[in-house]
Amino acid sequence: MRVIVEHALRQNWERLFSYALRLSGNRDGAADLLQSCATKALAASPPEDGERIRAWLFAILRNIWIDEHRRGETGAAIAEEALEDDQWRRDDRMIAVITVRQALERLDQPYREVIELVDLAGFRYGEAADILGVPVGTVMSRLSRARLLLLNAIEGGSVRPFAVRQRKRASD
């Protein structure tokens with residue numbers, strides 16, 4: 001069983017780290033989350049259905065983050081500022097990423113989680129339902145509302161996208 005878990009961890013390492021980064025808001029926190037996830041996964045028995053192991057790993061990671069978040073150990077707000085400073089680049093793609101990220105941060109946790117799992121991490125509805133511990137129908141309806149809320153947050157003025165065209169013209 002340990003070999004199966006090790007193989008699954010290696011296959012999903014980058015996606016798990018990306019998910020941990022979104023949850024924790026900083027690279028150090030993400031690395032700690034991922035290490036805790038790997039330790040816990042290697043000590044546990046994986047699901048018998050091999051196709052569910054990926055969702056199982058993400059559920060472990062999420063549960064660890066929830067436990068830490070409840071204890072107030074994340075410090076996500078401070079780390080988020082540091083992360084944004086490290087990644088700041090002045091290209092259109094990055095501006096779009098920041099705009100979406102700002103809007104995503106404004107969503108309530110249940111809506112943010114479902115977008116992160118389905119749209120960003122690429123899980124199927126059933127897998128996301130397993131991770132979140134809710135029915136598939138809830139994932140589908142929550143995702144629909146989350147996408148609408150995200151769009152409204154971007155277009156509604158609560159998020160201020162950078163004036164890309166004006167910036168380009170000013171630099172020309």
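The model is predicted, so local features need pLDDT of at least 70 and side-chain atom pairs count only at pLDDT 80 or more, while totals for chains, interfaces and linings use all residues. Residues are numbered from 1 along each chain as its sequence is written, and side-chain values use heavy atoms, with hydrogens and water left out.

The chain has nine helices and zero strands, where helices (H or I, at least four residues) and strands (E, at least two) are DSSP runs numbered from the N terminus. Of its 172 residues, 38% count as buried, meaning under 20% relative accessible area with a 1.4 Å probe and protein chains only (exposed is over 50%, partly exposed in between). Contacts here are heavy atoms within 4.5 Å. Among contacts between residues at least 6 apart in sequence, 65% join residues at least 24 apart.

Now for a pair of helices. H2 (residues 27-43) and H3 (residues 53-70) pack at an angle of about 120°, and their axes are 9 Å apart. Axes are lines fitted to C-alpha atoms, for helices over the stretch in contact, and angles run from 0 to 180 degrees between N-to-C directions. H2 and H3 are therefore oblique to each other; angles under 35 degrees count as roughly parallel, over 145 as roughly antiparallel, 65 to 115 as roughly perpendicular, and the rest as oblique. On the H2 side, the contact is made by Leu33, Leu34, Ser36, Cys37, Lys40 and Ala41, and on the H3 side by Trp56, Leu57, Ile60, Leu61, Ile64, Trp65 and Glu68.

Leaving out residues up to four places away in sequence, Phe58 touches Arg15, Leu16, Tyr19, Leu117, Ala121, Phe123 and Ile131.

Finally, there is Glu113, which lies in helix H6. Glu113 counts as buried because its relative accessibility is 4%. Not counting residues up to four places away in sequence, Glu113 touches Arg62 and Leu132.
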